Amino acid sequence: TNIIDMFVLTEEYDSNFRNWLATGTEFSDKPVPMTSTELGEFMSSITPYKSVSDTIIFHPIKYKIIFGEKANIKDQVTIRVTRSDGTKVSNAEVRSRVIASINEYFAVENWDFGETFYFTDMASWVHQQLAGIVSSVALVPIQSSVSISEIFQIKCEENELFISSATADNIEIITTEQVPLPRRI
C-alpha cells in the first residue's frame, strides 16, 4: 500500500485569507482552511485515478504570516529602507512600492510548501524591482529579545506557505544622510 500525501491550497481559502490580511479585520474573522475530510470530498474527482492499493491523504495548506501585526511577535519586523540618492519618489510612494514588491515576492506561485524564507533573497528581489529608488533594505525585529540573525532565515512547516502582513506602517524610510558611517579607529 502506498500512502500519498497531497497538500492542497484552494483558491477560495487563498482569496479569503489575502482579503482578510488586506482589510485588517480581527483575528476572530481569520479564514480557516478546509479539513482533510472536506478536502477529500472536494477532490473526490481525482481519487478514481489512484491505484487500488494507494491511499490519498489530503492536507490543507495554511499560511505562515510574517512581518506585520498579524504575524507571531517573533516574526514581526520594521522594514528599514534607505532611499537612493537623487530619487524624486515620495516617501509614501516608496512605502507603497516596497509593500507591493514584498507582496509580489510572496505570491503563491513563487513558493513551495514547507520552503525556508531567506531575507537576502527578498532583499535582492526588492532591490531589483525598485532599482534607483531603494539602495538598501533591512529587517529590524520588533521584539527586543529576537536577534537579527533569527529573522534572516525563517522556516515553515511542510503544510505552510509564507505570506506577509506588512503594511506601510511597518516601513521606515531613511535617507543616506541618516545612515551611520562606520567609525574609524
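**Figure 1. Residues that line the largest pocket of this predicted model.** The lining comprises 19 residues, and those nearest the pocket centre are Leu21, Ala22, Ser165, Ala166 and Thr167. On a 1 Å grid over the protein atoms alone, a pocket is an open set of points where a 1.4 Å probe fits, with protein on both sides within 12 Å along at least five of seven lines; lining residues have an atom within 4 Å of a point. The lining divides into 7 nonpolar, 8 polar and 4 charged residues. Residues are numbered from 1 along each chain as its sequence is written. Local features need pLDDT of at least 70, and side-chain atom pairs count only at pLDDT 80 or more, whereas totals for linings use all residues.

**Figure 2. Elements that supply the lining of the largest pocket.** At least two lining residues come from each of α1 (11-23), α3 (91-105) and β8 (160-164). The element α1 gives the most, with 4 residues. Helices (H or I, at least four residues) and strands (E, at least two) are DSSP runs, numbered from the N terminus.

**Figure 3. Contact of α3 with α4.** Within α3, Ser101, Ile102, Glu104 and Tyr105 meet Asp121, Met122, Trp125, Val126 and Gln129 of α4; contact means heavy atoms within 4.5 Å. This contact consists of 5 nonpolar, 2 polar and 2 charged residues.

Notes. Heavy atoms only, no water. Nonpolar A, V, L, I, M, F, W, Y, C, P; charged D, E, K, R; others polar.
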